[in-house]
Amino acid sequence: MAETSKTYKVTLLPGDGIGPEIIAEGVKVLDAVGERYGFSCEYTEALLGGCAIDVCGTALPEETLRVAQASDAVLLAAVGGPKWDTTDPDKPRPEQGLLGIRKALGLYANLRPVRIFSALADASTFKPDVVEGVDLIIVRELTGGLYFGARERFYDEEGAGVDGGRGQRAFDTMEYREYEIERIVRHAFETARKRRNRVHSIDKANVLETSRLWREVTHRIAAEYPDVELIDMLVDNTAMQLVANPSQFDVVVTENMFGDILSDEASMITGSLGMLASASLGDGTALYEPSHGSAPDIAGLGVANPLAQILSVEMMLRYSFGENEAADAIANAVERVLADGWRTRDLANDADSAEKIVGTQAMGDLVVGALD
Ligand code: NAD
């Protein structure tokens, strides 16, 4: 066992549904890898989402934010469920907790890796030769652009038109400041340096002024990274290339809405929702979570797949703590467990033998066992 020298403060936000079950496995793996690589973690658990609404009447209690801001990283599972579904705009909703904490922590970069674990290549709906070797990461700008610009809906004379419209008009605004582009693009180049030194910058510079600024700033930053290859690609072409030839991509950087759409498209290359992790980074404490939701349909049954949560622990080690060897150990352990044929129910297909289909805790134990 390595000597423990460093201690990281980690906030745990189990949330709702399968959240508490999967985060327990993330913690189990984090502790096990810490023992092997000479660090430990000090945990503080806090409320977010539906469980916070039940206890405090709000999805993001002040105490949760205080604890999160004082920690080195935040590990989140998932929030939400039918109990808190409402269309009443005056009632609190679980996802307000998520949006609120991202905003309060200033998380402007969202990283979503998409990689094919070779043992799961048959879970993809793509042909095996198309998905083989896919290992890309989407770096999406998270706090600017169309989703945060001025918007309005109003009535006017012209809106009525000639065919009996009631005169409504609406607009949304896409706006970017140079510094917002600079910091996300820099993130992409730094990430590429730790990977395969290639950045695809996605825009719509043949039409949009924001995209022309995006491209200009990106090329200026690229000059500081002569070891990284930069490729500009229009967003419509990217949508095609992601399904035609996804293995050409390493780091893909783009603005908020393009990134929202492209990251969902790219995630389906793997075909396994239970395998996708994500990181949201700013200049301070970062947040790590699986890409899937709280899966209320299987909550409490002990069958949820904890691997996306465990892979979000891998990202935390890499991006917040710089514990790259420990992060690699987790990735390799997951790869090995899958190669040995172990599956949670969601990953299993007809060809998998029933004895190798395991529950949430057993999957966590297998990953720990494969660390050595
Ligand atoms: P979901 O991702 O929770 O579930 C979709 C399907 O995938 C379900 O059949 C579920 O059982 C399955 N699934 C998801 N994660 C799994 C896992 N780890 N192991 C095995 N199976 C898994 O999406 P949904 O059903 O649309 O949403 C359920 C709730 O989660 C909603 O309240 C929604 O608002 C919330 N949600 C939260 C987040 C988040 O916290 N980041 C993201 C998406 C949805």
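A cavity is a set of points, on a 1 Å grid over the protein atoms alone, where a 1.4 Å probe fits but cannot get out, and its lining residues have an atom within 4 Å of a point. The model is predicted, with local features needing pLDDT of at least 70 and side-chain atom pairs pLDDT 80 or more, while totals for chains, interfaces and linings use all residues. Residues are numbered from 1 along each chain as its sequence is written, and side-chain values use heavy atoms, without hydrogens and water.

**View 1. Lining of the largest cavity.** The largest cavity is lined by Arg115, Ile116, Phe117, Leu120, Thr270, Ser272 and Met275. Its space is about 50 Å³, the volume being that filled by probe spheres set on the points, which are joined across faces, edges and corners.

**View 2. Largest nonpolar core.** A nonpolar core joins buried (under 20% relative accessible area, 1.4 Å probe, protein chains only) Ala, Val, Leu, Ile, Met, Phe, Trp, Tyr and Cys residues through side-chain atoms within 4.5 Å. The largest has 71 residues, of which Met275, Tyr288, Leu307, Leu317, Ile330 and Val334 touch the most other members. Valine 334 is in contact (heavy atoms within 4.5 Å) with Phe117, Met275, Leu307, Ile310, Leu311 and Val367, leaving aside neighbours within four places in sequence.

**View 3. Surroundings of serine 294.** Serine 294 counts as buried because its relative accessibility is 5%. Not counting residues up to four places away in sequence, serine 294 touches Asp16, Gly17, Ile18, Ala78, Val79, Gly80 and Gly81. A polar atom of the serine 294 side chain lies 2.7 Å from the backbone oxygen of glycine 80.

Methods: Buried < 20%, exposed > 50% of the residue type's maximum accessible area, 1.4 Å probe, protein only. Polar contact = N/O pair within 3.5 Å; in protein donor to acceptor, adjacent residues only side chain to side chain. 1 Å grid on protein atoms, 1.4 Å probe; cavity = no way out; pocket = protein on both sides within 12 Å on 5 of 7 lines; lining within 4 Å.
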